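The following paragraphs lead a new reader through the structure shown here. They begin with the meeting of two chains and then turn to features within each chain.

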Amino acid sequence: MIQITDLHKKFGKNEVLKGLDLTIEPGRIYAILGPNGSGKTTLIKSILGMVLPDKGKIEVLGKPIAKGWKYRKQIDYLPQIANFPGNLKVRELIKMIKDLRNDEGNEELLITTFSLQPHLDKKLSNLSGGTKQKVNLVLAFMFNSQLLILDEPNTGLDPNALIKLKELISKERAKGKTLLITSHVMQFVEEVADEIVYLLEGKIYFKGTIADLKNVTNQQNVEHAIAVLTKTEQDG
Amino acid sequence: MGKVLKYSFYDLVRSRWSYIYFLFYLALGFVLLFLNSDLSKAVITLMNIIIVLVPLIGTIFGTMYYYNSKEFTELLLAQPIKRSHIFLGQYFGVAGSLSLSLAVGLGVPFMTYGLLRSNAIFDFSLLLGVGIFLTLIFTGLAFNIAISNENKIKGFGYAVLLWLFMAVIYDGIFLLSLIVFEEYPLDTFSMVATTLNPIDLSRTLILLKLDISALLGYTGAVFKRFFGTQLGFWVSMLVLVLWTLIPILRLKYKASRKDF
C-alpha cells in the first residue's frame with residue numbers, strides 16, 4: 001500500500017526524519033505513535049505531499065509520489081487541527097470539498113451519526129472545537145478511498161462521539177481499507193489498532209502488533225509498554 | 001485551477017472589502033464627472049488616483065488574502081489538486097475580483113455620462129487596461145512576498161515598503177539622479193528608468209496617449225519620440241506583460257518547493 005525508503009527531512013537545523021523506512025500493508029490499521037516532536041505529523045504530511053522530503057522515496061499504491069497529485073484521490077485525510085475557512089457554512093464546505101474532489105460523497109449518514117444537522121447552516125468560525133472536529137470527521141469519512149489517514153482523530157470529542165468514531169473505524173476495517181492513525185490516547189489505540197509503529201528521533205523504533213509490544217516490554221498495559229519503550233531509549 | 005479560482009473569487013466577491021473598493025470607484029467616477037463633465041479631463045484626474053491607489057490596494061489585498069486563507073490552502077493541499085493550481089487559482093481570484101471592482105466601478109459612471117458616444121473611449125480603455133495590469137502586477141508581487149515570509153507582520157511590512165518604493169521613493173531617486181547628472185545626456189537613462197518601474201511606465205503611457213506631453217517639456221518630446229510610436233507602445237506593453245509574468249512564474253516555483 002505504502003512503501004517508504006530512507007526518508008529524510010530537515011526543517012532548518014532541526015532534523016525531523018532521519019532515514020525512516022516503513023511498509024504499510026493493505027487492509028490493516030496502523031497506529032503511529034511517538035513522543036511530541038518525533039516526526040509523526042511530518043511523516044503523514046510527507047505521504048500526502050504537503051511536506052517535501054529532502055531525500056528518500058515514497059510509493060503509494062506502487063507508484064512514486066514525487067511531483068504527483070492524482071494519487072491523493074486514493075487518500076482521505078483528517079488533519080490534526082481542524083482549520084477551516086471561517087466564512088464558509090458547514091453545508092458549503094462539504095459541497096465544496098465534494099466538488100473539488102469530483103466525487104459523490106456519502107455525507108448524509110455521517111451528519112446524522114454526529115448529529116450535525118442543527119449546525120449545517122452555521123459558519124465554521126462560530127463552531128466549538130468539538131463540533132469542528134466532527135465536521136472534520138465527516139469530510140474525511142465521506143469518500144470511499146482505499147487509504148485513510150487520521151491525525152489525532154479523537155481530539156475534542158465527547159464520549160458519545162468517540163464511540164461513534166470507533167464504530168466508523170471498525171466499519172472501514174470491515175471494508176478492507178487501510179488506516180493510519182496517530183493518537184496520544186493509548187486506550188483508543190489499543191481498541192482500534194492492529195499494529196503499532198513507534199517513532200523516536202526520526203526513525204522507527206518499534207513496529208509490530210500490540211501483543212508483540214507487550215511481549216518485548218514485559219508489560220500488560222499498552223500505556224506502560226510505550227512508557228518503557230521511551231524510557232529504555234532515554235537510558236540507552 | 002478553475003475550481004480553486006471559482007471558490008476564491010466567490011469568497012472575495014462576497015467580502016465586504018470588495019464592495020467598499022467597488023463603491024469607492026463608483027463614487028469617485030460620479031463625483032469627478034459631476035464636477036467636470038469633460039470625459040478626457042476626468043480621465044487624467046482618475047489616472048493620478050489609479051496609478052497610486054491600484055498598486056496599494058493590490059499589495060495589501062494580496063498579502064492579506066494569502067495570510068488569511070492559510071487554512072483554505074492547507075485544506076486544498078490534501079486534496080487531489082495540483083499545487084501550482086492552488087496558488088495560481090487564489091492569485092487570479094484576488095486579481096480578478098479587484099479588477100472587476102475597478103472596471104465595473106469606473107465603467108458605470110463613465111457609461112452613464114456617454115462614454116460610448118465620445119472619443120475618450122480609447123483613453124478610458126487604456127486607463128482601465130493599465131489599471132488591470134497594475135492590479136495583476138502588484139497582487140503577484142504581494143503573493144510572492146507572502147509566500148516567502150511565514151511571519152505575517154514582516155510580510156505585510158515588506159509589501160507596504162515595496163509599494164512605497166515603487167510609487168514614491170523610486171521617483172525621488174530618479175529625479176535626484178537627473179539633477180546630479182544634469183551635465184550628461186540623460187535621454188536614454190530616463191527612458192530606461194521609466195520603463196523599469198511599472199507605475200512610471202503606466203503614467204507615461206497614459207499621458208502620451210492623452211496628448212498632453214507638451215506639459216512634460218523637453219523630456220516630453222524625447223518620450224513622445226519613443227513611447228508615442230507603435231514600437232514604443234508595444235515595448236511598454238511587453239514590459240508590463242513581463243512584470244506580470246515574472247511574479248507569477250516565481251510564485252509557481254516557490255509553491256512547488258514549500259513545506260506546509
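A salt bridge is counted where a side-chain nitrogen of Lys or Arg lies within 4 Å of a carboxyl oxygen of Asp or Glu. The model discussed here is a predicted one. By the salt-bridge rule, chain A and chain B have 3 salt bridges between them. In one salt bridge, A:Lys9 is paired with B:Asp259, and the closest N and O atoms of this pair are 2.6 Å apart.

On the side of chain A that touches chain B, at least two residues each are supplied by β1 (2-11), α1 (40-48) and α2 (90-101) of chain A. The largest share of that side comes from α2(A), with 8 residues. By residue type, the side of chain A that touches chain B consists of 14 nonpolar, 4 polar and 9 charged residues.

The extent of the contact can be described for both partners. Chain A gives 27 residues to the contact and chain B gives 23 residues. Between chain A and chain B an area of about 2,300 Å² is buried, and carbon and sulfur atoms account for 57% of this area.

Attention now turns to chain B itself. Helix α8 (residues 187-196) and helix α9 (residues 198-209) of chain B pack with their axes 5 Å apart, at an angle of about 110°. Angles of 65 to 115 degrees count as roughly perpendicular, so α8(B) is roughly perpendicular to α9(B).

Over all chains, the structure holds 21 salt bridges. One of them joins A:Asp121 to A:Arg91, with the closest N and O atoms 3.1 Å apart. Because A:Asp121 lies in the loop between α3 (107-113) and α4 (129-141) of chain A, whereas A:Arg91 lies in helix α2 of chain A, this pair ties together parts that are 30 residues apart in sequence.

Note on methods. Residues numbered from 1 in each chain as written. Chains lettered and ligands numbered in written order. Predicted model: local features only at pLDDT ≥ 70, side-chain atom pairs only at ≥ 80, totals over all residues. Heavy atoms only, no water. Contact = heavy atoms within 4.5 Å. Buried area = accessible area lost by both parts, 1.4 Å probe. Helix = DSSP H or I, 4+ residues; strand = E, 2+ residues; numbered from the N terminus. Nonpolar A, V, L, I, M, F, W, Y, C, P; charged D, E, K, R; others polar. Axes fitted to C-alpha atoms, helices over the stretch in contact; angles between N-to-C directions. Parallel < 35°, antiparallel > 145°, perpendicular 65-115°, else oblique.
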